[in-house]
Structures are given as C-alpha cells and as structure tokens.
Amino acid sequence: MKSPPVIVVQLIHIHGPMKGEIQEFSEGMITVGRHPSCNLHFPAAVTIISRKHAEIIREGNQFKLIDHSTNGTFVNGKRVKETFLRDGDVLEFAEGGPKVSFLKHMKEAPAVAEISPPPPREEPRREPGLEPAQRPQREPQHFEERPHTLEPAKEEPAEISIQKISVPLIIQYGPTIRSFRELPVTIGRSLSSGFILENPAIFDQHAQIFFSNNQYWIKDLTGQRSVRINGQLVGFHAPLKINDELALSPQGPFFRFLGEGRLAEVIEPAPQEPSGPQNKLEQKDQRKPPAEKAQEGLLSKFKKLRKH
C-alpha cells in the first residue's frame, strides 16, 4: 500500500559560512538562527543573525516564512515579516548576511505492507446430546519432568547486503550540520570518507551508516570493536533505534539517534572531583554548562518537530 508523498525542502547555501552546502528538511517547521536547537543553525560568530531568527512553516502544500529577528529577513531583496515562499526564492538572513535558495520537491514515501486480518477462530465442537457436565472426562496425561535448559543466544547475522538507496541522513557535530541524500555514508578521518571527523580516537575508515529492512544501521569498520550503542558493543553491525546513544569509541565522539536519519552530537560533561558537603551545596546552586544546556535544547527541539 502506497503512502502519501513527502514534501522535502531544500535550502542551498549561496553566500555565508555554509556556502556550497545543500540541506534537506521534511519537517513541518524549520527554525533558523544561532541557537543550537535551530534546524538551520548558523555559527555563533555570525552575530547579525538572531538566536531565533526566523521560521519556515508548512501550511498544506505551501511554506510560509515568518521573521522573528532584529536585523530582518529578506526575500528576493525585499524585507518581509511574513510571506509564502516559491521555488527559486532567495532568502537573506539580515542585510549582507547568509543567503540560501529555497526549493521544494515531492518524494515517494516507502510502501507500507498491508496486514491481513487473522483467520476467524473456530469454536470447539460439542458432542451431540451431551451437556458440558455430561461429557466423558479424559484421563490426565502424565509427562516426564525434564531439567530446564537455557537456549543458546542467537548469533548475529554475518553480513547484510548493503546497497545504495536514496534516504536522508543528517549529522550534527559541533556547529556543523551535514545532510546526505543517499546511503551508505562512511565516517572517518580519511578525505575519502563521506563525513570527515577530525578526532584522534577516529580511524581513517571508522564506521558506516546504511539503510536496510526499513531501518538505519551502523557498521563498525575498525576491526577492533570500537563502536557502542547504549554502552553495548556493536560487534559487526547493529540497527539504530530512536534515542539510542552512539559512541564511536570509548573516548567519543558521542551521538544520539533522533530518528528519521538524524544524528546529534551529545556533549559529555567533564567528570566531577569528590568534594565536601559545603562544595556540594555550592555546586547545587551552579547553573549547567552552556554546552550541556545547548544540547538539551537541541534534543528538545527535535522531539517537538517530530510531533508536527
């Protein structure tokens, strides 16, 4: 059974710190700004952009731009407060600020298999002429008791056929958001990797994200069982489920899988040294680190977007 098509918004960066990148969004609302929770997140150094600068909201098959900024948002050179967007419109966030080109296209949703109803349950046959109390009683059967043995754990499948497939993948790492339209994508330090991670704990070819059996998977390419999901070793490959915490190595980087092909970096707080009762009271009054607060905001925003 075919599902209704999905409308995907493409934002093509033509000027600014992300020039040349193409981002895709299928959510009902796209937030723009310097705040880490924004879908289109600009670096903090671009101070002409407000923290919550603008929103692009889907209304039916149309998308409306709403400006919330101090320095304004421009569409095709004209400052606007609210307007419906058309394919090819150029959006400028603050005068002289970053520019993106707006496009939208339809994408077929994966087919949903029809589930057949279970066959009707047959009523037990009654012997004619006998009421339930008059039915002949069957002699109880005696079974030999056998010691209970645990079944051995099922072995992980040796291999899954990995093929190229057009599904979205968006990875947020630090201030950068990279989007991909086709899987598999390799993560590593090598320049040949699809997503390059400059981290001393990362191998040249470290891991691979692929799509199979209607779900996202991660494959460990290190040969040293470095990748973990929720603290458990991946081994060869494992599926990714919503809110799974992914560690590419014991030292990180750490990510959370938010569903729909989204990986968001998780900032690990620094370990706390033991302290006396007085220091504990002081620490209780301290506010959370900015990085941790930013991460909580990002995850909260993604959860809200999934409800739309």
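F211 is buried, and Y216 is buried too. Buried means under 20% relative accessible area, exposed means over 50%, and partly exposed lies in between (1.4 Å probe, protein chains only). The rings of F211 and Y216 have centres 4.9 Å apart and planes at 80 degrees, so this pair is edge-to-face. Rings of Phe, Tyr and Trp (its six-membered ring) pair if their centres lie within 6.5 Å; planes under 30 degrees apart count as stacked, over 60 as edge-to-face and the rest as tilted. Ring pairs also bring in F257, linking F211, Y216 and F257 into a cluster.

This is a predicted model, in which local features need pLDDT of at least 70, side-chain atom pairs count only at pLDDT 80 or more, and totals for chains, interfaces and linings use all residues. Residues are numbered from 1 along each chain as its sequence is written, and side-chain values use heavy atoms, with hydrogens and water left out.

**The chain as a whole**

The protein chain has two helices and 23 strands. Helices (H or I, at least four residues) and strands (E, at least two) are DSSP runs, numbered from the N terminus. The chain has 308 residues, and 40% of them count as buried. It exposes about 20,100 Å², with carbon and sulfur atoms supplying 51%. Accessible areas come from the Shrake-Rupley method with a 1.4 Å probe; for residues, only the protein chains shown count as cover. Among contacts with a separation of 6 or more, 39% join residues 24 or more positions apart. Contact means heavy atoms within 4.5 Å.

**Two open sheets**

Two strands pair if DSSP finds at least two bridges between them. S212 stands opposite Q215 in β17.

Another open sheet has seven strands, ordered β13-β12-β23-β22-β21-β18-β19, and its pairing is mixed. Here the edge strands are β13 (176–180) and β19 (232–233), each pairing on one side only. Five bridges join β12 (residues 169–173) to β13 in the antiparallel sense. I171 has R178 in β13 as its bridge partner.

**Nonpolar cores**

A nonpolar core is a set of buried Ala, Val, Leu, Ile, Met, Phe, Trp, Tyr and Cys residues joined through side-chain atoms within 4.5 Å. The largest has 25 residues; I171, L183, I209, Y216, I218, L246 and L248 have the most contacts inside it. At least two residues come from each of β12, β14 (185–188), β16, β17 and β22 (254–257). Strand β16 gives the most, with three residues. Leaving aside neighbours within four places in sequence, Y216 is in contact with residues including V167, L183, I209, F211, L240 and F257. A second, separate core has 22 residues, among them F25, V80, F93 and F102.

The structure holds six aromatic pairs. In one of them, Y173 and F255 have ring centres 6.0 Å apart and planes at 35 degrees, so the pair is tilted. Y173 lies in β12 and F255 in β22, so the pair ties together parts 82 residues apart in sequence.

**Burial and polar contacts**

Several side chains can be set side by side.

| Residue | Relative accessible area | Class |
|---|---|---|
| Q23 | 1% | buried |
| F255 | 3% | buried |
| I170 | 9% | buried |
| S69 | 10% | buried |
| Y173 | 23% | partly exposed |

Q23 is found in strand β2 (residues 22–25). A polar contact of 2.7 Å joins its side chain to that of H13. A polar contact is a pair of N or O atoms within 3.5 Å; within protein, one must be able to donate a hydrogen and the other to accept it, and residues adjacent in sequence count only if both atoms are side-chain atoms. Beyond four places in sequence, Q23 touches residues including V9, M18, N39 and I177.

S69 sits in the loop between β6 (62–67) and β7 (73–75). The side chains of S69 and D67 form a polar contact of 2.7 Å. Not counting residues up to four places away in sequence, S69 touches S50 and H53.

I170 is in strand β12. Its C-alpha is 8.8 Å from that of R181, 11 residues apart in sequence. Setting aside neighbours within four places, contacts of I170 include E24, I177, G261 and L263.
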